Amino acid sequence: MKPIFSLSISTKHYRTGLFYLFAALIGSAAGFFILFPINEFVYYHEHEKFDENAVNVTRFVLGQMIDALAGHSPQKTAFYAVVGMVFGLSTAKTYAVMHKRWIQIQQLSEELGKDLLALISQGEGPLLEFKSSFRWDMEQERVNRALEGVVLKTLAGFMNANGGTLLIGVADDGSLLNLNKDYQTLKKPGRDAYEQLIMSAIASQMGADTCQFIRIVFHTLDFKDICRVIVLPASRPVFIKQGNDPKLYLRTGGGTRELNVQEAMEYMKQRWHK
């Protein structure tokens, strides 16, 4: 049985293809039925209107269009159709980019509009994960850089899936832990340095361009700082550098798992295929 995410991604690409096909067709039609007659109108007023035997401008333009449709001027017809097609595709691409940004803004607005306590009460799931800290090991009472890798895997898994939210400073059971221990590992303890720490780790391990998919917000609950990391879906596969072998992680259910080579290739083909 074909995975559900495969069907949804295939449907998305099919719709995208239709969108650009219609844009190309509409653009070609606009090139012929709008740009072509405008050009003939200008040509008439520059050259034909001074001819005493010239027909009126409407008949002239219609005559030129009828001749073009009859195949008497294929190069001119093709030129305006191609120009219109390029304009249509460019407009469609611009719209797609702006629409994508609008969706991202909507996602951020919706996420920021959620009450943090209500969010925590939902518990961990496909779109929500809790981490006690970013680098401070609560059990060993020391800095543990391996914890940073765990957080980064979660973020990469969200980016490669449908996005999500990571709350740092919250235990698995939803209890608030604070970020003071993490802050103390910084040269300049505080929110700004903490945000820079996370963004630097993301840029270093996943690529600087992936930072655009991350938004960091701090909250204070019961006098305890909580870091909310809002993750947007990435526009490309996001790998984590682990030696010479980059890994692809995906958020599935309430956890994040590493995809093997075959799974990664198939998922990338379906998720980001153009």
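**Salt bridges and cores**

The side chains of E258 and K247 form a salt bridge, with 3.3 Å from N to O. This bridge links distant parts of the chain: E258 sits in strand β9 (residues 255-258) and K247 in strand β8 (residues 247-252), 11 residues apart. The model is predicted. In the whole structure, a search finds 10 salt bridges.

- E258 has a relative accessible area of 37%, so E258 is partly exposed.
- K247 counts as buried, at 19% relative accessibility.

**Other salt bridges**
- E129, K131 and R251 belong to one network, joined by salt bridges that share partners.
- Within it, E129 pairs with K131, and their closest N and O atoms are 3.3 Å apart.
- Both E129 and K131 are buried.
- R191 and D225 also meet through their side chains, at 3.0 Å from N to O.
- R191 is in helix α7 and D225 in strand β6, so this pair ties together parts 34 residues apart in sequence.
- R191 is partly exposed at 31% relative accessibility, whereas D225 is buried at 15%.

**Nonpolar cores**
- The largest nonpolar core has 32 residues, and those touching the most other members are L155, M159, Y194, I202, M206, C227 and V229.
- Two or more residues come from each of α5 (145-160), β4 (164-168), α7 (191-206), β5 (214-221) and β6 (224-231).
- Helix α7 gives the largest share, seven residues.
- Leaving aside residues up to four places away in sequence, V229 touches L155, G164, T165, L166, I168, I214, R215 and I216.
- A second, separate core holds 10 residues, including I120, L128, F130 and I226.

Note on methods. Residues are numbered from 1 along each chain as its sequence is written. This is a predicted model: local features need pLDDT of at least 70, side-chain atom pairs count only at pLDDT 80 or more; totals for chains, interfaces and linings use all residues. Side-chain values use heavy atoms; hydrogens and water are left out. A nonpolar core is a set of buried Ala, Val, Leu, Ile, Met, Phe, Trp, Tyr and Cys residues joined through side-chain atoms within 4.5 Å. Buried means under 20% relative accessible area, exposed over 50%, partly exposed in between (1.4 Å probe, protein chains only). Helices (H or I, at least four residues) and strands (E, at least two) are DSSP runs, numbered from the N terminus. Contact means heavy atoms within 4.5 Å. A salt bridge is a side-chain nitrogen of Lys or Arg within 4 Å of a carboxyl oxygen of Asp or Glu.
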